[in-house]
Amino acid sequence: VYGVGGEGLVAQMIAAVDRGWFPPPPKTPNKRSLIHLDDVVAAVLLLARRSEAVGKTYIATDGELYSTHEIYQKVCVALGRPAPQWATPVAWLRIAATAGDWLAGLSGRPVPFDSQALEKLVGPAWYRSEQIVRDLGFTPQHNLRTALPGMVALHRESRRGT
């Protein structure tokens, strides 16, 4: 879930890329489904008003699929930075994740990057929302490209305040 004021993974990526703490992720074929917070609210309200939705499970997305690398590139554009032409090799990330697993096991404390974080970065997480579109006429109003400028503006405003 992304959107202005959100604290999800896209907002975290914006902050990390802006600070120079997030190297370009690998160019993997992973696909991710996302949805804007306003569209989540719209979908919930739609479900609450439609009796035919009772007892059914629906998935709502913004209708697009993004790779982590594509999300990174869109974040760079929204930040007004050139997107790097290189990407971090997956093998390097696997080594870093293994080291993170080892350090977490040794210290008994969580670490910023481990195998779970690697899977979130390069693994797939995509879903289909055709059923809510077909059954209830849900139409998302936002996508990542149009939402990022507002998210970046809020991020920069919050940085000025700290």
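Helices (H or I, at least four residues) and strands (E, at least two) are DSSP runs, numbered from the N terminus. The structure described here is a predicted model, in which local features need pLDDT of at least 70, side-chain atom pairs count only at pLDDT 80 or more, and totals for chains, interfaces and linings use all residues. Residues are numbered from 1 along each chain as its sequence is written, and side-chain values use heavy atoms, with hydrogens and water left out.

The chain contains seven helices and two strands, and from the N terminus on its elements run α-β-α-β-α-α-α-α-α. The C-alpha trace spans about 50 × 35 × 30 Å along its principal axes. Of the 162 residues in the chain, 35% are buried, where buried means under 20% relative accessible area, exposed means over 50%, and partly exposed lies in between (1.4 Å probe, protein chains only). Contact means heavy atoms within 4.5 Å. Among contacts in the chain with a separation of 6 or more, 85% are between residues 24 or more positions apart.

Helix α1 covers residues 9-19, and its buried residues are Val10, Met13, Ile14, Ala15, Ala16, Val17 and Asp18. An α-helix has 3.6 residues a turn, so residues three or four places apart point the same way. After α1 comes Gly20, whose phi is positive, near 80°. Asp18, a member of α1, has a relative accessible area of 12% and is therefore classed as buried. When residues up to four places away in sequence are not counted, Asp18 touches Leu79, Arg81, His155, Arg156 and Arg159.

Helix α3 spans residues 68-79 and includes Thr68. Thr68 is classed as buried because its relative accessible area is 5%. The side chains of Thr68 and Asn30 are joined by a polar contact of 2.8 Å. A polar contact is a pair of N or O atoms within 3.5 Å; within protein, one must be able to donate a hydrogen and the other to accept it, and residues adjacent in sequence count only if both atoms are side-chain atoms. With neighbours within four places in sequence left aside, Thr68 is in contact with Met13, Pro25, Asn30, Arg32 and Leu121.

Ile71 also belongs to α3, and a relative accessible area of 5% is the reason why Ile71 counts as buried. Ile71 and Ile14 are 57 residues apart along the chain, and their C-alpha atoms are separated by 9.9 Å. Beyond residues up to four places away in sequence, Ile71 touches Met13, Arg32, Leu34, Tyr66 and Leu144.

A nonpolar core is a set of buried Ala, Val, Leu, Ile, Met, Phe, Trp, Tyr and Cys residues joined through side-chain atoms within 4.5 Å. The largest such core has 17 residues, and Tyr2, Val10, Ile14, Val75 and Leu144 have the most contacts inside it. Two or more residues of this core are given by each of α1, α3 and α7 (144-161). Val75 touches Met13, Ile14, Val17 and Leu148, residues up to four places away in sequence not being counted. Another core, of eight residues, lies apart from the largest one and has Ile35, Ala53, Leu136 and Phe138 among its members.

Pockets were identified on a 1 Å grid over the protein atoms alone: a cavity is a set of points where a 1.4 Å probe fits but cannot get out, and a pocket is an open set with protein on both sides within 12 Å along at least five of seven lines, while lining residues have an atom within 4 Å of a point. Grid points are joined across faces, edges and corners, and a volume is the space filled by probe spheres set on the points. The largest pocket has a volume of about 760 Å³. Its lining consists of 31 residues, of which Leu9, Met13, Phe22, Lys120 and Leu121 lie nearest its centre. Two or more lining residues are given by each of α1, β1 (32-33), α3 and α5 (115-122), and α1 supplies the largest share, six residues.

The second largest pocket holds about 200 Å³ of space. It is lined by 14 residues, of which Gly6, Ala11, Leu154, His155 and Ser158 lie nearest its centre. The elements giving two or more residues to this lining are α1 and α7, with the largest share, five residues, coming from α7.
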